[in-house]
Amino acid sequence: MILTEKSATFRGHALFFHAHARRVFPSNPQESHTDFDLTDVLLSVKNITDMQKYSIITLARNALTGHKEWGQAWRSPPLKDRYDVIVIGAGGHGLATAYYLARDFGITNVAVLDGGWLGGGNIARNTVTIRSNYMRDESIPFYVKSVAMYEGLTKDLNFNMMHSKRTMVDVVQTYAKMRELRRRQLVMDIYGSTYEQISTDEVRRRIPALTGGGPDARLPVLGGMVHTDAAVNRHDAVAWGYARAADARGVEIHQQTAVKALIRDAWGAICGVETTRGRVHAGKVAVAVSGHTTTLTETVGLKLPLRTMNLTAFVSEPVKPLVDVIVNCPDSGFYFSQSDKGEMVIGGAPDAGQSFRRDIKQHVFEDTVSAMLSLFPSFKKLKLMRQWGGHLDIAHDASPIMSQTDVEGLFVTAGWWGGYKAIPAGGLTLAHLLATGNPHPLMAAFTLNRFRHLDYIMETGTTTAR
Amino acid sequence: MLVITCPFCGPRSEREFAHGGAVSSARPDPARVGDAAWVDHLTVVSNPLGPVHERWWHARGCGAWLTIWRDTRTHDIVGGPDVR
């Protein structure tokens with residue numbers, strides 16, 4: 001059994017994780033130094049060369065000393081008055097952007113600011129689904145790149161992502177959806193993403209727990225699509241891995257430093273941000289704050305074609321390995337995968353209307369559960385443990401926006417509905433835009449200009465957005 | 001779950017309603033506005049951290065269209081309903 005082997009492997013990883021998880025949080029993020037002297041510089045240089053490697057050898061060595069010798073995963077440096085680049089939001093996209101700015105462009109005088117703690121926004125509020133089965137010629141190459149980058153991320157960042165390339169199976173229950181997915185398959189074939197049609201028998205062979213949706217059901221299972229590139233991994237590892245690797249290259253991460261407003265200079269260009277810890281200056285500011293994008297850009301009078309919505313998910317108690325693929329049921333309106341701990345991680349449709357309230361609505365929850373039970377009746381015995389909501393912004397055409405704005409020096413990366421899968425390539429391409437001033441070829445079609453020219457990239461339906 | 005007071009049917013569950021989107025500004029005459037203003041009208045919606053003016057359709061009830069002011073932070077209905 002594949003999953004049994006996986007569980008055994010991950011027990012080892014879990015131990016490894018526990019060993020250093022206590023040490024990854026900075027001891028005192030509020031600690032404030034106002035002086036900036038040579039010692040700080042020397043210390044930071046020392047840190048770059050001394051980033052402790054995580055490996056079986058360091059794990060064994062630290063086990064011998066009772067795990068008391070682990071260093072901090074990242075520094076808590078004093079907040080400076082000025083940086084070359086400020087990235088607002090220490091989430092997946094913000095941290096990845098800072099990392100690639102340092103790695104690929106040598107821009108290390110960068111501050112990543114976050115109102116809460118790093119990795120505490122939508123990167124902690126998603127269903128860790130990594131896939132590239134999109135619809136449009138502009139979108140697919142970007143997501144193919146991102147999926148490929150995820151596959152190498154553990155090695156690149158020296159941080160165990162617990163990457164599990166386990167395939168996604170779409171369970172198709174209407175002919176309209178089957179035609180739409182067949183069409184996606186033909187487009188995806190051009191760009192090296194994989195989609196393959198399978199029969200109902202094959203769907204049920206791959207997902208034995210799928211016992212509903214028989215010939216007499218209101219929506220019988222008609223077949224399926226297999227996306228072998230799809231994977232899941234560990235969301236905290238993505239945030240912590242990027243934070244640690246960016247910090248090691250000199251990037252400063254400032255938690256509990258909420259940005260209250262953007263600031264423009266006398267000529268209208270961006271010159272910094274107003275934070276809860278005072279004013280910080282930079283000629284380039286990147287907004288990577290998901291649902292609060294418009295809240296921030298409106299402080300300089302910039303309106304964007306974005307709406308903020310609430311998307312929820314919930315998790316069952318852990319059970320024995322039961323489903324070893326990501327199951328997506330677009331016609332019924334839910335999807336789930338089984339985590340390595342054994343929990344079913346379940347997601348459904350977003351709430352109707354705009355919302356900044358990160359919780360779950362009872363009827364959305366009930367609709368998702370009843371849809372799931374129609375196909376997986378045995379799940380009715382599952383106890384649900386946790387639920388969460390995340391507020392994310394969606395653009396007019398359901399595609400992301402990565403762009404310079406009308407305010408000189410102000411950049412946005414927004415509209416990432418399903419942005420978890422886009423973190424590596426999203427960071428890479430935003431770093432390119434910040435460093436060179438030109439969009440990365442993979443994201444050239446996703447600037448704000450597309451709205452001016454009505455060149456929409458309609459991706460409605462390829463995510464849970466509606 | 002919202003409880004929306006339909007002017008004709010009284011307080012009803014959100015499940016009886018279909019969401020009709022945020023109320024946008026009045027449609028400008030395309031012949032009289034520039035491209036930028038026209039595109040803004042087409043694509044930019046009000047996205048407040050607070051009360052938003054939005055349409056709901058009592059689809060599984062009397063069929064009336066109404067508008068309410070709903071706080072996006074709390075889901076409290078702070079104004080309306082108004083029938084056009």
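In which strand of chain B is the place of Pro81(B)? Pro81(B) belongs to strand β6, which covers residues 77–83 of chain B, where strands are DSSP runs of E with at least two residues and helices are runs of H or I with at least four, numbered from the N terminus.

## About the model

This is a predicted model, in which local features need pLDDT of at least 70 and side-chain atom pairs count only at pLDDT 80 or more, while totals for chains, interfaces and linings use all residues. Residues are numbered from 1 along each chain as its sequence is written, and chains are lettered from A and ligands numbered from 1 in the order in which they are written.

## The two chains

Chain A has 13 helices and 19 strands, and 48% of its 466 residues count as buried, a term for residues with 20 or more other C-beta atoms within 10 Å of their own, whereas exposed ones have 12 or fewer and partly exposed ones fall in between, with C-beta atoms placed from the backbone. Among the contacts in chain A with a separation of 6 or more, 76% join residues 24 or more positions apart, a contact being two residues whose C-beta atoms, placed from the backbone, lie within 7 Å.

Chain B has one helix and six strands, which run β-β-β-α-β-β-β from the N terminus on. Its C-alpha trace spans about 45 × 25 × 15 Å along the principal axes, and buried residues make up 17% of its 84 residues.

## Where the chains touch

In the contact between the chains, 19 residues of chain A meet 20 residues of chain B. The largest share of the side of chain A that touches chain B comes from β13(A), which gives three residues. By class, that side of chain A has five nonpolar, nine polar and five charged residues, where Ala, Val, Leu, Ile, Met, Phe, Trp, Tyr, Cys and Pro count as nonpolar, Asp, Glu, Lys and Arg as charged, and the others, Gly among them, as polar.

## Helix α4 of chain A

Eleven of the 14 residues of α4(A) are buried, so this helix is largely enclosed by the rest of the structure. The buried residues of α4(A), including His93(A), Thr97(A) and Leu101(A), pack against several elements of chain A, among them β1, β2, α9 and α12. After the end of α4(A) comes Gly106(A), which has a positive phi near 65 degrees.

Helices α4 and α9 of chain A pack at an angle of about 30 degrees with their axes 9 Å apart, and α4(A) and α9(A) are therefore roughly parallel to each other, as angles under 35 degrees are counted, while those over 145 are roughly antiparallel, those from 65 to 115 roughly perpendicular and the rest oblique. By class, the contact of α4(A) with α9(A) has eleven nonpolar, one polar and no charged residues.

Most residues other than glycine have a negative phi, and most peptide bonds are trans. The peptide bond from Gly80(B) to Pro81(B), however, is cis, with omega near 5 degrees.

Ala398(A), although not a glycine, has a positive phi of about 65 degrees and lies in the loop between β17 and β18 of chain A, where it counts as buried because it has 20 C-beta neighbours inside 10 Å. His75(B) has a positive phi of about 70 degrees although it is not a glycine, and is found in the loop between β5 and β6 of chain B. His75(B) is partly exposed, with 18 other C-beta atoms within 10 Å.

Technical notes
Axes fitted to C-alpha atoms, helices over the stretch in contact; angles between N-to-C directions.
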